[in-house]
Amino acid sequence: MDQLDFESKIEKLKNRRAEGDFKTAAKIADKIPWDEVNDINVIMLAASVYEEAEKYTDSKFLLEYAYDIAP
């Protein structure tokens, strides 16, 4: 995934979250390869979206991943 595509998906994720459309935001987050992301804030954003969409296993995965890569 190139940087422009990644930034576009993150912007869409933030907009859907702000609108309260957590199901669509979770679908957008599903398309992001999280093993390539090193920004803890973005990972935490997606984890909160998954939590609100009641996708708890995905949220837990991202929280554990954020813990593993945190300095």
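Contact here means heavy atoms within 4.5 Å. Ala, Val, Leu, Ile, Met, Phe, Trp, Tyr, Cys and Pro count as nonpolar, Asp, Glu, Lys and Arg as charged, and the others, Gly among them, as polar.

The model is predicted; local features need pLDDT of at least 70, side-chain atom pairs count only at 80 or more, and totals for chains, interfaces and linings use all residues. Numbering runs from 1 along each chain as its sequence is written, and side-chain values use heavy atoms, with hydrogens and water left out.

I checked confidence next. Mean pLDDT (the predictor's confidence in each residue, from 0 to 100) is 94 for the protein chain, and 100% of its residues reach 70 or more. Helix α1 (residues 3–19) is lowest at a mean of 94, and helix α3 (residues 40–52) highest at 96.

Then geometry. α1 and α2 (residues 22–30) pack at about 165°, axes 8 Å apart. That makes α1 roughly antiparallel to α2 (over 145 degrees).

For α2 and α3, I found axes within 8 Å, crossing at roughly 130°. So α2 is oblique to α3. Phe 22, Ala 25, Ala 26, Ala 29 and Asp 30 of α2 make the contact with Val 49, Tyr 50 and Glu 52 of α3. I sorted these residues into 6 nonpolar, no polar and 2 charged.

How values were computed:
Helices (H or I, at least four residues) and strands (E, at least two) are DSSP runs, numbered from the N terminus. Axes are lines fitted to C-alpha atoms, for helices over the stretch in contact, and angles run from 0 to 180 degrees between N-to-C directions. Angles under 35 degrees count as roughly parallel, over 145 as roughly antiparallel, 65 to 115 as roughly perpendicular and the rest as oblique.
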